[in-house]
Amino acid sequence: MNRILLMVLQRFGLGLLTLFVVSIIIFVGVEFLPGDIAEALLGQGASPENVAALRHELGLDRPAHIRYIDWWAGVMQGDLGTSLANRRDIAELITFRLSNTLFLALTAAAVSVPLALIFGVLAALYRNSIYDRSVNVVTLGAVSAPEFLTAYVLILYFSVKLGWFPSLSNIDANTSFINKLHQVTLPAVTLMGVILAYMMRMVRASIINLLASAYIEMAHLKGMPKLRVIVKHALPNAWAPIANIIAISLAYLVVGVVVVEVVFIYPGLGQLMVDSVSNRDIPVVQACSMIFAGTYILLNLTADIVSICTNPRLLHPK
Amino acid sequence: MTNRLLEIRNLEIDGESDEVWHEIIKGLDLDLDRGEVLGLIGESGAGKSTLGLAAMNFVRPGCRIREGTIRFDGQELTAQSETTLRKLRGVRIAYVAQSAAASFNPAHQLIDQFSEIPVVHNVKNRRDAEADAKDLYRRVLLPDPEGIGYRYPHQVSGGQLQRAMTAMALSCRPDLIIFDEPTTALDVTTQIEVLTTIRDIVREFNTAAIYISHDLAVVAQMADRIMVLRYGELVEEAATRDMMSNPKMDYTKSLWAVRSFKKETETVGTEINPVVKIDNVTAGYGQEDILKNITFEIHRGQTVAIVGESGSGKSTAARVITGLLPPRLGNIQFNGKVLPKSFKARNKDQLRHVQMIYQMADTALNPRQRIRNIIGRPLSFYLNLRGQKKEERIRELLSLIELEPDLYIDRYPDELSGGQKQRVSIARALAAEPEFIICDEVTSALDQLVAEGILRLLDRLQREFNLAYMFITHDLATVKAIADNVVVMLQGEIVEQGRKTDVFSPPHHEYTELLLSSVPEMDPDWLNELIAHREKHGVMTSTSTS
């Protein structure tokens, strides 16, 4: 058991290290953006003196590495800093946005993960049947269409023509849960279109791979009923690949939400980030990026841990 | 006849590849009485496994039974529903697979996989099934029969798994067990133990069995009657002793004769400097030493066979010589000069003179390259041959390995048979004009007749070009055929080395004796006599440490 704990701790440490490296990359990347917030706020007509004064006031005239260390020290104390654009506390700014993004992503995930598992396993079991082929065609189509196209098509039919759902997802702190669900239906469906297809195809492939194993044939030759072969013999060995597929899809959900949020003007983290990049509001961009990167790392870490904890070779060492 | 257990008539099975159906089994008949052991023998692709599985009316995905009847104990199986068949499988007909390591589910304990058969089929309850499992584990001579069932497959050695699988097949005391190459993946010393177990168990329970193997000597020990198959058709069928003493068909005779090849002359190295000398080498991965103080040398025109079971360090020795695994201690000398430890530090000439031929020609040849490019690459890389000269040399090499240049030069590896691919691998090694070639189990993936052809070719090339070979193999018949010198390895150490005639004639080292006596012989009484001999003299019977 200790070996597993050690491996998990190791992965966790690696995750933290990755996050640190990512923070440097983000910081350097943002440094390379042309212009800064002083120019963006004051506009093109501002005099160089005014711009310089504002830079000094915001602390932008200090060397990059000092600013980075400052920022990192703040993050360590749980202080993400304040937005340069509106002087609001970033943590406060982000909390509401993050909860919105998570709500959207979780809604999409709650529907698509079980569907993908069911469709994928069925497609694997009835390989090359009419069902399998048609599911393949539909999902391939869904994967191929870019999200913004899907989004606009959905808006055109379900909000403009039929008027069932709003084309803009207006949400504030007082919106009720039911109303929220109604508001996020179209963006959630758009997201589902992409990850459902992807997940389903991966589940299908890994189950087919598994069913070709010698021990599955053996189970059939022992006269085990079909359901038992799947549940008792295939599934315990399927957790690791399936956990990986789900983790990557969910990570994509949270990160890939940016485009969808912009199309639906949904007040989520993605939209905030896009706005902040165009404003050169660097602390906000950094905070958003760190949250995205952290989510990605956390989900992959979870998948790793699931693979480790379901591997009989590790659970029952020699 | 009331004693008849299985009766297959005019069986035809098709297999699909690339959307085309072709016949795998072409109208075969098979009869089996209660308590009888039938041996099925043939080369790969003969349809042995397909026929064996058909006895349970089971076909692998991509196959279908087109014609014929399968009567088991008076019941016509081809007409039965899947549910009825399911109730037969595991209960009245059981199966023992080639690779027990792959056929046990890695996620469950051995005893769970044993007990589920009687429990699911309502033959026994869980507690009785477990008690029975322990009893059977004891009978198949597994160590710690009370506790071993609670281990997971990866915690048990290959030979033990194969025995546990035999015990599992017996869980419902079936009338028929199908053994599909149950010892092919095992070392010779382990093979003996498993063979003995299977034979005793089958006799004890009076179970009928179909024993599938490509190894005639093994089948001769196990079967009452033998069917020889080729391309899905019956070649010959007779009682074991009749067939062994008096095979009728040419093909059967050729199977008997394959071990006839023997290198003509023995080469004794006389020069002061051998081509390759492995000098006091210790090497391994991580903390562990796989090779411990190994020293041997290979002279010009000589074949040195490295013999040992899996895990003995044979392949690691090859990796050290090629520089893929730099040794911790000691060095490799080539014509008297020390080679850099890592291949990265060796120059082109040093690299050129050490070539390698691999066990799996399938994976050693790039499937996307034509034969012309595969053989041409070392020509341009090592020897700077271009254009017309290169083309001529490729054709010359193809003629050397007895493949018609016009026919084969533009083919892809997929368009060749297994033996032809291995010939191309030989040509590729030869193209570098080396002085020394490492042959790593080059014949073990091939059928015996084809393997014999490869051995003859290697022997001819050796004489023509005065090549030195290091021949890694676990097959002692091959060693007897081709080696001049023999190095016997056990757990990373050399237990004995010297001229083949010396090593293979008594008095032997204890381990060499064990290896030599474990190679199955054609004589149907061989196993009985060996076991009797070993019991009487109490010799070393196992090397397993687990």
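These exercises walk through the two chains of a predicted model.

**Exercise 1. Describe the make-up of chain A.**

Task: State which secondary structure elements chain A has, and how its residues are buried and connected.

Solution: 
- Step 1. Count the elements. Chain A has 14 helices and zero strands.
- Step 2. Find the extent. The C-alpha atoms of chain A fill a box of roughly 85 × 60 × 35 Å along the principal axes.
- Step 3. Check burial. Of the 318 residues in chain A, 42% are buried. The cut-off for buried is under 20% relative accessible area.
- Step 4. Look at the contacts with a separation of 6 or more. In chain A, 73% of them join residues 24 or more positions apart.
- Step 5. Divide the chain. The domain assignment gives domain 1 (38–79) and domain 2 (96–282). The centres of these two domains of chain A, taken over C-alpha atoms, are separated by 40 Å.

**Exercise 2. Describe how α12(A) and α13(A) pack.**

Task: Give the angle, the distance and the contact residues for this helix pair.

Solution: 
- Step 1. Recall what is needed. Two packed helices are described by the angle between their axes and the distance between the axes.
- Step 2. Locate the helices. Helix α12 covers residues 269–279 of chain A, and helix α13 covers residues 282–309 of chain A.
- Step 3. Read the geometry. Their axes come within 9 Å and cross at roughly 145°. The crossing of α12(A) and α13(A) is left-handed.
- Step 4. Name the contact residues. From α12(A) they include Leu269(A), Leu272(A) and Met273(A). From α13(A) they include Val284(A), Cys288(A) and Phe292(A).

**Exercise 3. Trace the open sheet of chain B.**

Task: Which strands form the open sheet, and which are at its edges?

Solution: 
- Step 1. Write the order. Six strands of chain B run β16-β17-β18-β13-β19-β20, with mixed pairing.
- Step 2. Find the edges. β16 (354–357) and β20 (493–499) of chain B each pair on one side only.
- Step 3. Take one pair. β17 (residues 436–440) and β18 (residues 468–473) of chain B are parallel and share five bridges. Cys439(B) has Phe471(B) in β18(B) as its bridge partner.
- Step 4. Helix α17 (residues 418–431) of chain B lies across β16 and β17 of chain B, and runs at about 175° to β16(B).

**Exercise 4. Find the nonpolar cores.**

Task: Which residues touch the most other members of the largest nonpolar core?

Solution: 
- Step 1. List them. The largest core has 135 residues, and those touching the most other members are Leu6(B), Leu30(B), Leu51(B), Tyr137(B), Leu176(B) and Ile210(B).
- Step 2. Find the main contributor. Helix α8 (residues 177–211) of chain A gives the most to this core, with 14 residues.
- Step 3. Another core of 54 residues lies apart from it, with Ile374(B) and Leu516(B) among its members.

Conventions:
Residues are numbered from 1 along each chain as its sequence is written. Chains are lettered from A and ligands numbered from 1 in the order in which they are written. This is a predicted model: local features need pLDDT of at least 70, side-chain atom pairs count only at pLDDT 80 or more; totals for chains, interfaces and linings use all residues. Side-chain values use heavy atoms; hydrogens and water are left out. Two strands pair if DSSP finds at least two bridges between them. Helices (H or I, at least four residues) and strands (E, at least two) are DSSP runs, numbered from the N terminus. Contact means heavy atoms within 4.5 Å. Axes are lines fitted to C-alpha atoms, for helices over the stretch in contact, and angles run from 0 to 180 degrees between N-to-C directions. A nonpolar core is a set of buried Ala, Val, Leu, Ile, Met, Phe, Trp, Tyr and Cys residues joined through side-chain atoms within 4.5 Å. Buried means under 20% relative accessible area, exposed over 50%, partly exposed in between (1.4 Å probe, protein chains only). Domain bounds come from an automatic or database domain assignment. A crossing is left-handed if the near helix is turned anticlockwise from the far one by less than a right angle, and right-handed if clockwise.
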